[in-house]
Amino acid sequence: MTKDGFIDHIVEAYADTVFRISFLHTRSRSDAEDILQEVFLSMLNPPVLNDEEHLKAWIIRATINKCKNLLKSQRRKRTVPLEEAYSHAGTEPIKEEHIDLVAALQKLHEFDREILYLHYYEGYSAKEIAKIFGKSENAVFIRLNRARNELKKLLTL
């Protein structure tokens with residue numbers, strides 16, 4: 001596969017995932033688009049990876065790292081209310097019954113949000129999540145369980 005063909009393939013396969021993860025972290029459509037571009041620009045000199053699963057895990061990890069870098073940078077000092085963030089994202093407005101869920105998710109620790117997203121939305125197993133974050137599978141199971149319990153507690157308040 002040519003380099004152009006490779007980049008076309010990964011953009012087509014992973015652009016939605018990169019954008020969703022970026023938006024989940026930044027709550028800004030423009031920041032998510034910037035991160036999307038940075039991640040795929042970094043693929044111009046791709047790391048040597050064994051297979052498609054390693055590639056996807058690398059892309060997710062790179063996305064999360066770029067989000068963290070952006071969030072701790074000096075230019076990122078503004079905040080936007082949650083409802084406004086979704087309206088600017090070009091996504092459908094949050095349904096009334098989901099506002100509490102989204103607000104509760106935002107109260108969770110960042111790592112807990114990430115593993116819940118990867119497990120429930122992207123369909124990763126605890127073993128796969130453990131590989132992405134360099135944690136033990138047992139640690140991921142424990143964090144998933146704690147995150148679920150915390151989310152349940154926040155939603156029943």
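Mentor: The chain has eight helices and zero strands, where helices (H or I, at least four residues) and strands (E, at least two) are DSSP runs numbered from the N terminus. From the N terminus on, the order is α-α-α-α-α-α-α-α. This is a predicted model, in which local features need pLDDT of at least 70, side-chain atom pairs count only at pLDDT 80 or more, and totals for chains, interfaces and linings use all residues. Residues are numbered from 1 along each chain as its sequence is written, and side-chain values use heavy atoms, with hydrogens and water left out.

Of the 157 residues, 38% are buried, meaning under 20% relative accessible area (1.4 Å probe, protein chains only).

Now the pair. Helix α2 (residues 29-42) and helix α3 (residues 52-72) have axes that come within 10 Å and cross at roughly 130 degrees; the axes are lines fitted to C-alpha atoms over the stretch in contact, with angles from 0 to 180 degrees between N-to-C directions. Therefore α2 is oblique to α3, as angles under 35 degrees count as roughly parallel, over 145 as roughly antiparallel, 65 to 115 as roughly perpendicular and the rest as oblique. From α2, the contact (heavy atoms within 4.5 Å) takes in Asp 31, Ile 35, Glu 38, Val 39 and Ser 42. From α3 come Trp 58, Ile 59, Ala 62, Thr 63, Lys 66, Cys 67 and Leu 70. By class, the contact of α2 with α3 has seven nonpolar (Ala, Val, Leu, Ile, Met, Phe, Trp, Tyr, Cys, Pro), three charged (Asp, Glu, Lys, Arg) and two polar residues (the others, Gly among them).

Note on methods
Buried < 20%, exposed > 50% of the residue type's maximum accessible area, 1.4 Å probe, protein only.
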